Structures are given as structure tokens and as C-alpha cells.
Amino acid sequence: MTYIIGENCVDTKDMSCQSVCPVDCIHEVEKMLVIDPDECIDCGACEPECPVDAILPEDAIPDEWQPFVKINYAFKDGKDAVNGLVAAYVEETGLDPDRTIE
Ligand code: SF4
Ligand code: SF4
């Protein structure tokens, strides 16, 4: 099991989560941050730090955020792989960079 960063991080990148991770497995890519599932020790420290509730345990990711499971797992293939999947998601969903996240 791992934690996954989802859609609310895209274009938000508040960075609060990164400093609390004890194993430094939260990485910045172009439009968001992702968790390296191979390194995450499932401690949960990052989840409450996110001001936009972007971080969830993998088994709690809602259906509409399922593409982000693949996006976080793509970190093992390099940041370009992650950036490509995020760009495809943004194009497919028409995600507004100026959207308001409640
Ligand atoms: S705290 Fe939330 S919005 Fe900020 S970088 Fe981490 S996951 Fe993204
Ligand atoms: S659950 Fe823990 S180990 Fe995994 S990304 Fe969050 S802070 Fe890091």
C-alpha cells in the first residue's frame, strides 16, 4: 500500500507535504507533486498537511481520481513519464488551472 497524490495538487503545489515525509519520497514534477510508491512507508504523515486534501491512501482514491494511481506509479519510469500522463489528464478533462478547490 502507498499514499497517492490526486487532482487537487495539479497547479496547486503548495509543498506542505514534502517537508514532513520521513523518507523523502514526495517528488516535484512539472504541474504537481507525486509519491514514489516504492519508497512510501505508508506512515500517513503527509495526508493532514495538504490544504486541498489531495493526498489519500491508495485504497481510498475515488473513481474519478483513479488515473492518479497510474500517475504516481509512473515515477519509477522518470519525471517525463509522469509529466506526459498529467498533461494527457489535463487535456482529457479540460482541467482549469484557475479552478477553486473547496
Ligand atoms: S500539500 Fe497537497 S497541494 Fe501541496 S504539494 Fe502536497 S499534495 Fe500537492
Ligand atoms: S505516507 Fe508517509 S512515507 Fe508515504 S509519502 Fe506520506 S509522509 Fe511520505
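Modeller: Gladly! Helices (H or I, at least four residues) and strands (E, at least two) are DSSP runs, numbered from the N terminus. This is a predicted model, where local features need pLDDT of at least 70, side-chain atom pairs count only at pLDDT 80 or more, and totals for chains, interfaces and linings use all residues. Residues are numbered from 1 along each chain as its sequence is written, while chains are lettered from A and ligands numbered from 1 in the order in which they are written.

Biologist: How many helices and strands are in the protein chain?

Modeller: The protein chain has two helices and four strands. Their order from the N terminus is β-β-β-β-α-α.

Biologist: What share of the residues is buried?

Modeller: A residue is buried if 20 or more other C-beta atoms, placed from the backbone, lie within 10 Å of its own. Here 28% of the 102 residues in the protein chain are buried.

Biologist: Which residues come nearest to ligand 1?

Modeller: A residue counts as near a molecule if its C-beta atom, placed from the backbone, lies within 6 Å of it. Ligand 1 has 14 residues around it, with Cys-9, Asp-14, Cys-17, Cys-50 and Ala-54 nearest.

Biologist: And which are the closest around ligand 2?

Modeller: Ligand 2 is surrounded by 14 residues, and Cys-21, Cys-40, Cys-43, Ala-45 and Cys-46 are the closest.

Biologist: What does the C-alpha trace span along its principal axes?

Modeller: For the protein chain, the C-alpha trace spans about 35 × 30 × 25 Å.

How values were computed:
A residue is buried if 20 or more other C-beta atoms lie within 10 Å of its own, exposed if 12 or fewer, and partly exposed in between; C-beta atoms are placed from the backbone.
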